[in-house]
Amino acid sequence: MALHGSKHVQPSLSMLSQTGSIRASQTCSTSSAKLPLREKIKLASGEKLDLLPLPLLRKYISYARDYVHPKLTESAAKVIQDFYVELRRRHHTSDSTPITTRQLESLVRLTEARAKLELREEATEQDASDIIEIMKYSMVDTYSDETGVLDFTRTQHGAGMSNRAGAKALINVMRRQFQVTLDDVFSVADIKLLAQRHSIVVKDFDSLLSSLNEQGYLLMKGQSTYQLQIT
């Protein structure tokens, strides 16, 4: 984090204290930088939220907006480029909304905003990875109607929506199971059992698993085994 010296702004002692605490917290968390974003922001057992006072939060946001202007590092740009190219590639093999430069611009802006949140002048590879993780999760949560990444084949009988709903529910259930067991490998029988327990109705289970594998949310490890992709 970098507090920007400026003759236009005189941060209060309270603000300096709070931002110093944030810097210390970031230093302590360096070793966990490779964890998925949802794991990094999860409260530890017994931990309580120490919320910023609203006036201080407003000052912090105003300061970041006016005086912090992060730029992408080369490594961050490469991560975003690779993800965007993969989105484009998958679009050409599915009946989905076109992937345009709007998605690329959004990734860049969000990555820079991720760095700005911590008052940093450089948006790093980790910032880009965090934003891609958020985008991937939103694709599952909204059935990828606007990105095409989880665009399952629509049948003439309207089974596509059912498959997408099943995909969303199934991925969420598998993620919750992983949080409990810390085991990211599932057999097909395990997945079907989870679906049954949670009343997830899937008309064509094999096609759904194949689609999830193609889209990168599952990785086929054997003839009847899949690994849940956490990041």
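These legends describe the whole chain and then several close-up views of a predicted model. Residues are numbered from 1 along each chain as its sequence is written, and side-chain values use heavy atoms, with hydrogens and water left out. Because the model is predicted, local features need pLDDT of at least 70 and side-chain atom pairs count only at pLDDT 80 or more, while totals for chains, interfaces and linings use all residues.

View 1. Helices (H or I, at least four residues) and strands (E, at least two) are DSSP runs, numbered from the N terminus. The order from the N terminus is α-α-α-β-α-α-β-α-α-β-α-α-β-β. The chain holds 231 residues, and 37% of them are buried. Buried means under 20% relative accessible area, exposed over 50%, and partly exposed in between (1.4 Å probe, protein chains only). Contacts are heavy atoms within 4.5 Å. Of the contacts between residues at least 6 apart in sequence, 67% join residues at least 24 apart. The accessible surface is about 14000 Å², and carbon and sulfur atoms account for 53% of it. Accessible areas come from the Shrake-Rupley method with a 1.4 Å probe; for residues, only the protein chains shown count as cover.

**View 2. Leu43, Leu49 and Leu51 make a nonpolar surface patch.** The patch covers about 340 Å². Patch residues have over 30% relative accessible area and no salt bridge; like charges are joined within 9 Å, nonpolar side chains (Val, Leu, Ile, Met, Phe, Trp, Tyr) within 5 Å. Leu49 sits in the loop between α2 (37–40) and α3 (54–67). Leu49 counts as exposed because its relative accessibility is 62%.

**View 3. Three strands form an open sheet in the order β3-β5-β4.** The pairing is antiparallel. The edge strands, β3 (185–187) and β4 (218–222), each pair on one side only. From one strand to the next, the twist averages 35 degrees. Strands of a sheet pair through backbone hydrogen bonds, either parallel or antiparallel. Two strands count as paired if DSSP finds at least two bridges between them. β4 and β5 (residues 225–228) are joined by 4 bridges. Met220 stands opposite Tyr226 in β5.

View 4. Axes are lines fitted to C-alpha atoms, for helices over the stretch in contact; angles run from 0 to 180 degrees between N-to-C directions.

**View 5. Ile171 belongs to helix α7 (residues 159–181).** Ile171 is buried because its relative accessible area is 0%. Ile171 and Tyr217 are 46 residues apart in sequence, yet 7.9 Å apart in space, C-alpha to C-alpha.

**View 6. Salt bridges that share partners join Arg114, Glu118, Arg120, Asp127 and Asp130 into one network.** A salt bridge is a side-chain nitrogen of Lys or Arg within 4 Å of a carboxyl oxygen of Asp or Glu. The count comes to 5 salt bridges. Glu118 and Arg114 approach to 3.1 Å between their closest N and O atoms. Glu118 is buried at 19% relative accessible area, and Arg114 is buried at 17%. Asp130 also bridges to Arg114, at 3.2 Å, N to O. Asp130 lies in helix α6 (residues 125–141) and Arg114 in helix α5 (residues 101–116), so this pair ties together parts 16 residues apart in sequence. Asp127 pairs with Arg120 at 2.9 Å, and both are buried.
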